[in-house]
Amino acid sequence: MKDLKPITPAGCPEIKRPIVIAGPCSAETEEQVMTTARQLSHNGIKIFRAGIWKPRTKPGGFEGVGTPGLKWLKRVKEETGMYVSTEVANKGHVIEAIENGIDILWIGARTSANPFAMQEIADTLATADIDIPVLVKNPINPDLDLWIGALQRIYNAGIRRLGAIHRGFSTYGKHLYRNMPQWHIPIELQLRFPELPIIHDPSHIGGKRELIAPLSQQAMDMGFDGLIIESHCDPDCAWSDAAQQLTPEVLNYILHTLVIRDEKVSTESLALLRQQIDNIDNELLEILNKRMAVSREIGRYKKEHRMPVLQAGRFNDIIRDRVNLGKEMGMDEEFMKTLLLAIHEESVRQQIEILNDRKQ
Ligand code: PEP
Ligand code: MN
């Protein structure tokens, strides 16, 4: 993917990093769209977002206002001068969006995971032969090749205003994040395609308001090009993604407190690596915590069945197998033993606690 052009529409004056795209998760009513847009524009936002067609996990949810909403976005353009963007998921969406003057298209995480849908969109764009920016969200599953494939289909359709959006990856169970950031995936994308701009989406990664600021800062520290953030004039009453939307005022505050470091300073790659270490440590702790929870569950089972906590055979097998696995991965044998013994010791301590606790 070479000779890329800026991801802003043709003729748009250069926007200083970060490029910010803001607006509600969904267009709900003309009034909600206009009120939000006016406030954002007043705060200097240049690119507005609003979902017109919403891919919902379950049937029966709010699936977007559809075609009538496109007229509202047209009004946003006319009244505020902002560029407008929306999500497209099929041929019909692309045609309607272009006909109604949408300036930037983005492709959602459920769509970018589907090569048939991606090809349909790419073919429609090729036929339209139009110089429109297209942003491709990462697929919901952590598959870099699938993401690259989706981007390549759009590139092959002749689109040169091409960018990627990092919106995190879905996982089973409850976590701090709604979608796990897995920062190493967009970093790998950046290393493979240095020209390709990457926009960070803290709203869909964080899933809650308080995570928007730290995630945005992290993305800036890692040298991402921009942010797409959900903002709603009355977030608590939003028809979709209420927990993660910010008022334009709070968004403005967050954007003004972001520290934007010069990309060219020589410590940038060190900061990038340190950031990776921080993220990996967080993941490590989360996994360790999950292991302890399972271990306590085993403790309760053992208590119920009057089994001893320590079963030497099982203990030896665990240590031997894991040490060998670690060695195969290139890790030091002594280090593996020390680490595994420490983890095991803590598991045993927690199980004994359960055994002695009359309430459990
Ligand atoms: C959205 O941007 O509102 C959206 C539906 O995002 P995603 O495709 O990342 O879930
Ligand atoms: Mn949303």
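A polar side-chain atom of Lys-54 lies 2.8 Å from an oxygen atom of ligand 1. The structure is a predicted model, in which local features need pLDDT of at least 70 and side-chain atom pairs count only at pLDDT 80 or more, while totals for chains, interfaces and linings use all residues. Residues are numbered from 1 along each chain as its sequence is written, chains are lettered from A and ligands numbered from 1 in the order in which they are written, and side-chain values use heavy atoms, with hydrogens and water left out.

**Surroundings of ligand 1**

- The residues around ligand 1 (those with a heavy atom within 4 Å of it) include Cys-25, Arg-49, Glu-87, Trp-106, Arg-167, His-204 and Glu-230.
- By class, this shell holds 7 charged, 3 nonpolar and 2 polar residues; Asp, Glu, Lys and Arg count as charged, Ala, Val, Leu, Ile, Met, Phe, Trp, Tyr, Cys and Pro as nonpolar, and the others, Gly among them, as polar.
- A polar backbone atom of Ala-109 is 2.9 Å from an oxygen atom of ligand 1.
- An N or O atom in the side chain of Lys-137 is 2.8 Å from an oxygen atom of ligand 1.
- Taken alone, ligand 1 exposes 300 Å², of which the protein buries 97%; accessible areas come from the Shrake-Rupley method with a 1.4 Å probe.

- Strands (E, at least two residues) and helices (H or I, at least four) are DSSP runs, numbered from the N terminus.
- Strand S3 (residues 83-87) is largely enclosed by the rest of the structure, because 4 of its 5 residues are buried, meaning under 20% relative accessible area (1.4 Å probe, protein chains only).
- Strand S2 (residues 47-49) pairs with S3 in the parallel sense over 3 bridges; two strands pair if DSSP finds at least two bridges between them.
- Arg-49 has Ser-85 in S3 as its bridge partner.
- S3 and S4 run parallel and are joined by 3 bridges, and Thr-86 has Leu-105 in S4 as its bridge partner.
- The β-α-β crossover from S3 through helix H3 (residues 91-99) to S4 is right-handed: with the strands pointing away from the viewer, the path from the first strand over the helix to the second runs clockwise.

**Strand S5 and its partners**

- In strand S5 (residues 134-137), Val-134 and Val-136 point one way, Leu-135 and Lys-137 point the other way, and all are buried.
- Strand S4 (residues 104-107) runs parallel to S5, with 3 bridges between them, and Ile-107 stands opposite Val-136.
- S5 is also joined to strand S6 (residues 162-166) by 4 bridges in a parallel arrangement, where Val-136 stands opposite Ala-164.
- A right-handed β-α-β unit is made by S5, helix H6 (residues 144-156) and S6.

Key: Polar contact = N/O pair within 3.5 Å; in protein donor to acceptor, adjacent residues only side chain to side chain. Buried < 20%, exposed > 50% of the residue type's maximum accessible area, 1.4 Å probe, protein only.
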